[in-house]
Structures are given as C-alpha cells and as structure tokens.
Protein chains: 2
Amino acid sequence: MRIVLDAMGSDQHPAPDVAGAVMAAREWGDEITLVGREELVRPELAKHKTQGLPITVCHAPELIEMHEHTEAVKRKRESSIRVGMRMVRDGQADAFVSAGNTTAVLASAIFDLGRIRGVKRPALATIYPVASRRVLLLDNGATADCKPEYMIQFARMGVAYAEQVWGIPNPRLGLVSNGEEPDKGNMLVRDTYAALSQTGLNFVGNVEPKEITRDAADVVLTDGFTGNVMVKTTEAIASFLFRHLRRELTGGTLNKVGLVLLVPGLIAMLPGLALLSPALRRTARKLDYAEYGGALLMGVDGVVVVGHGRSNAKAVKNAIRQAREALRGGVLDVIRASVGRAASQEADPA
Amino acid sequence: MRIVLDAMGSDQHPAPDVAGAVMAAREWGDEITLVGREELVRPELAKHKTQGLPITVCHAPELIEMHEHTEAVKRKRESSIRVGMRMVRDGQADAFVSAGNTTAVLASAIFDLGRIRGVKRPALATIYPVASRRVLLLDNGATADCKPEYMIQFARMGVAYAEQVWGIPNPRLGLVSNGEEPDKGNMLVRDTYAALSQTGLNFVGNVEPKEITRDAADVVLTDGFTGNVMVKTTEAIASFLFRHLRRELTGGTLNKVGLVLLVPGLIAMLPGLALLSPALRRTARKLDYAEYGGALLMGVDGVVVVGHGRSNAKAVKNAIRQAREALRGGVLDVIRASVGRAASQEADPA
C-alpha cells in the first residue's frame, strides 16, 4: 500500500511522525511518502536506519499551524496537508495520514477529495477505548451541528465498517442519550431514534455511557459535538485518575498517616509496587490513544486518518495501521455501497 | 431547618432514604418529614433509634416509579413527590429532597412550585467530581434542548451560587466545548460564547474536559443533554477503571504470567495491598456520588435537591446536607437577585 504521511503533523513534528513512518515501513513494507519541509524532514529521516525501506520525501513548503482555520487551508495550497491530500486525489497514493490540525485536515479533505456521492456530511470514526470489545464511535467531531438525516448516514457508514472491515456480524448500533427510554435525549436524539427504528439496522436503542463501557453496542452513534466531548471526557478522567493514583501511591499516604508508622509497611510494599506496575500499565494502555492511532474520516472520497496532535512515534505508526486496515477492507466501496443502497431504498421504498 | 424527604425515592426505598434521614437529624438536628407510604415508612423508621429526633412521617399513598413520565406526575397528586413538593409550596417545609425519578421531581417542581419570576428554564446544578477544587456544573439534565438565552441564565444562577453560597470571589465561568477557540463548538455553544462575552461575568472562555479536571473554572456551563452525558461518562469511566484495576490486582496478572513465578512476589505484596486500599479508596471517594448527594434544581420557586437513584444512606444524608447549604446561603434570594439584576440591565442598558 502507498501511504502519504504528513511529516509536519504532530505537535513535536517532524520527529515522531518520521519515526512512526520508519516503524511502519519496517513492519509492513508499505511505500511511505513523507510530505513536509524537505530541509526538516530529510535530516530527521537520516537519524534512522532506512536502507532498503520504501520511504520517500515530498517537499511541501507551507505549514498549517494547530490554531489555524479553514481560510489558511484554502490559501496554503502548498502545505503538507494539501499536497498530501492531492497525492491521494491524483492516485499517487492510497491513503493520507496526519496527526495535524483536525479542522485543517477535514477542510482539505472536503476541498481536495470531495465527498462520496450521496454523502451529506463527513464523520470521524474512532475506537472508543473504554470497553472490552472493539467499539466504533462516530462522529468524534467532524460535524458538530447534525440533523437526523446526517446521523442516519453516520449509522449506516459505521455499521457497514464494523461489519465488513472488522468482520462483526450484524453489528449492534446504539444511540448516545441521557437515558435509555425512547423519549430521552434532546430533540436531535429523539428524532434520530424514531428514524433509526425504520432503517432495518440492528438498532439496540439509546445507550448511556455506562452501557457503552459494558459492551452494549458495537457501533455508538452521536453528533460530532457530543461525541468529541465524550471522548475528551473519557481521556481526561482516565488521565486524572492515573495521575491521582500515582500521587497517592508515591506520597499522599505518607503525609497523612505519618512516616514512622508506615516505613515497615512501605518496605514490604516495594516488591508489591513493582508487581503492580504492569497491572496499572495494562489498564492505562486500554486508554492510551497511541494504541489506536487516530480517527478515520468517513464520507470523503479517499482514505484519510487523523491522529492526535500529541502523537508519539507509536501513535503515528498505529494511525498508519488504521489506514492500512481501512484500505484492506475496501472502506470506500463499503461506504459507497451502504450509502448507495440506502438512497435507492429511499427512492423506491417498495 | 425543615426538610421533607421523599422516603420512596431511592431504588432500594425506603431503607436508604429513612436511614439517611435519621443520620441527618442526628447530626444536624433538622426537622425532617418522611413522606411516603406510612405502612412501609413507619416499620423502617422503627428499626432506628429515633428517640428525641425531630422526625415525623407524612402519608402519601401513591408512588411514581422510576420509568414513569410526566403524565404519571400529573395524575398522581398523592404521590410522595407531589405531596412533599406541596409542603414546600405551602410553607410547611423549607426544602424537598428526593433520590427518585429526576424527570418526575422536575415536572412536579414546575407544576407545584413554579419557576422563579423571570427564569426561562430550570437547571440541575451538580458538583463535578473530577477536580481538586469544588466545581459547579450546570445543566446536568433539566433542560436538554437549550437556547443561548437559557444558557446565559444558567450562567448567572451558577455564578451567583458559587459566589454567594460557596463564597468563591468572582467565580470563573467556563463554557464546555470541543476546543478552546471561540469558533469551536456547535451553533448553541458559539452563540452562547458571543453572548457571554457581553455579560460582565468572569467568563474564561471555552473549556475542554481536560481543563475542567485541572481547575480551569469554578462554574462549568453546558446544556442539559451534553452535561448529563459528560457527568455520566465521568462516572462510567471511573467505575470501569476501578473495576478493571481491582480485577487485575486480584487475578488478571496471575493468569497471564503464571502462578509459579509470582507466588513469592504476591506474598510480599500482601501488606502492600493492605496499604494500597486506603489510597485507592480515597481516589474512588472523589468520584463517589454518595459524597456529594445530589443536584440542586435551580430556577424553581423552592429549594429542591435530586439525588442519585442508586443512593445509599450516606448519599441521602449528603443530599440533605446540600439542601441545608443552599438554604443557609439563601439560594432563592441569590437566584432572584441574579436573574432580576440581569433583566433590569437588559431593559435599561445604560
């Protein structure tokens, strides 16, 4: 597969981006094009052993900063994001991966790739980390203001992906709400609930966050605003708890109960702490975005994966893995078929 | 203070409700009226030592179940919720506390107490648990479909409460969004942002969940749908993590690494685990709704606190404490003044 990677994407670019690309090329043998400022990317690449790896560099002189908006995207035609996106459009690459400014990647995807015929709005699909199975959540922020008709399309795209790319038979679709009953939710959720019941999808009804963590659905549907707040709340709480727990383990108790009383206990505890670490780490890993890489932008006419700005090399590598998985599953055809089938059903309800 | 407690409120009613009331009466000497089915409440009360405590029972023959809707509230005039609410309306009590069906409490508050003059919509104000300071979040689910004008009132009510009841000088107000920049958010958030900037409140801008856990605001403003999903996500993630951690600590590691290798380590770990428990428990406590009791319904013409359905006795007691705190701070006058002042400013912008 031919992947274009935005070398100017992550907050610490280009180091994690280049390192992640090298890891991916080494592991899977993909052809990777690093797009970005040549004078920064080449020296970074030279720090790695890349002999024999199919990595090339494509110069893109402009840079879209994290805080920049759609106007900058329009203007900066020679930025790494837009140059990379055009490579996908022109068939020189199969997928574009960036840990850069999400709004900019989204805008460029719309400008340069366009939407798949029939798709009303794009959606970012993410793996929701706090569950035992693999749960697909969409929209994680592409479309903040939704209508029921957009939500229904997101549902179809998400379900088709879970079924045909992940291989989950008849995926269960849940709608995020503030209660399980059909009359719970805001107006958008109530209207979407009614419309979903007519689709023939395996709609299990409203789901609350608690049920999502208990695997009540394979695909979790929500508007881009709520979805993004939910995913960010999840990350924030996990990070707060681990920080807090670590602090308590390493100092908090001591201050409160007194040193003298605890020293024997602490000494006995040391081997226990060493044992504990892998358990803590395993729990933390379930919440580490680096394990998942990024979000797949569904509905645009090309495979685009957006990573976390704080991505490290491993996160970049895993974002590339997500693009590979989507490509291998023929995601564009899957989405085309799901949206097309629905459109023809609507046109001919017989 | 005279508190009416819905003895039929919690999922396990009347046991936790009655026990919580007894704890509160013992600790603070409040006059508490238990409202509910006499034949259930009296025997429950008899299990406690209540001699000398100012606890009375008021019979209410009907019961609103957890799944029942507004129509049931209209019909069941003799339910514990409606009888209790009328006691507040008629001046026989100062506050109503229930761990029952939130929708029903809300509906009854609107029917029986009405809104404070000038208030457009009520809001549920909750302590957001994952932060080092005390953070007030509203709306936690009273008004799922909001307009900017409702949000502005929620902001004024929340800020007035934090300032005058909690004593925080010039409380910092943050607006929940999916990004910090003023152009982030859905349409409601963007419009509310613009309107808040004109209010003279100490508005610190958009806040993401991460910043909330890092004490970026004293009052966190959001619509009732998003707020409820946020709070429920917070509870779900915390509960998932603690469950997961406990499982890993007590069994998971063993299965994976092998018993033989770990037995010496585990034996050494035992005293450590005993030490660990208080730390884990302290972290868990920060997330335990029982510590906070419930949410204060702001904007109705009476003091109403709604507890969690899963409340235990301690949670019921703490919900009563919240009602006491609101009463002592003169919450109704505080809200009247904040809404009234704003209305007169709007009428006379000079």
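Which residues have the most contacts inside the largest nonpolar core? In this predicted model, local features need pLDDT of at least 70 and side-chain atom pairs count only at pLDDT 80 or more, whereas totals for chains, interfaces and linings use all residues. Residues are numbered from 1 along each chain as its sequence is written, and chains are lettered from A and ligands numbered from 1 in the order in which they are written.

**Figure 1. The largest nonpolar core and the surroundings of A:L297.** The residues with the most contacts inside this core of 211 residues are A:V220, A:L297, B:V220 and B:L297. A nonpolar core is a set of buried Ala, Val, Leu, Ile, Met, Phe, Trp, Tyr and Cys residues joined through C-beta atoms within 7 Å. A residue is buried if 20 or more other C-beta atoms lie within 10 Å of its own, exposed if 12 or fewer, and partly exposed in between, with C-beta atoms placed from the backbone. Apart from neighbours within four places in sequence, the contacts of A:L297 include A:L106, A:P122, A:A142 and A:V306; a contact requires C-beta atoms, placed from the backbone, within 7 Å.

**Figure 2. The open sheet of chain B.** Eleven strands with mixed pairing follow the order β3-β2-β1-β4-β11-β10-β5-β6-β9-β7-β8. At the edges, β3 (55-59) and β8 (203-207) of chain B each pair on one side only. The twist from one strand to the next averages 25 degrees. Strands pair if DSSP finds at least two bridges between them; helices (H or I, at least four residues) and strands (E, at least two) are DSSP runs, numbered from the N terminus. Axes are lines fitted to C-alpha atoms, for helices over the stretch in contact, and angles run from 0 to 180 degrees between N-to-C directions.

**Figure 3. Parallel pairing of β7 and β9 in chain B.** Strands β7 (residues 173-176) and β9 (residues 219-221) of chain B are joined in the parallel sense over three bridges. Here B:L173 is opposite B:V219 in β9(B).

**Figure 4. Backbone geometry at B:N170 and B:D139.** Although not a glycine, B:N170 has a positive phi of about 45 degrees. This residue occupies the loop between α6 and β7 of chain B and is exposed, with 11 other C-beta atoms within 10 Å. The peptide bond from B:L138 to B:D139 is cis, with omega near 5 degrees; B:D139 is in the loop between β6 (135-138) and α6 (148-164) of chain B.

Technical notes. Contact = placed C-beta atoms within 7 Å.
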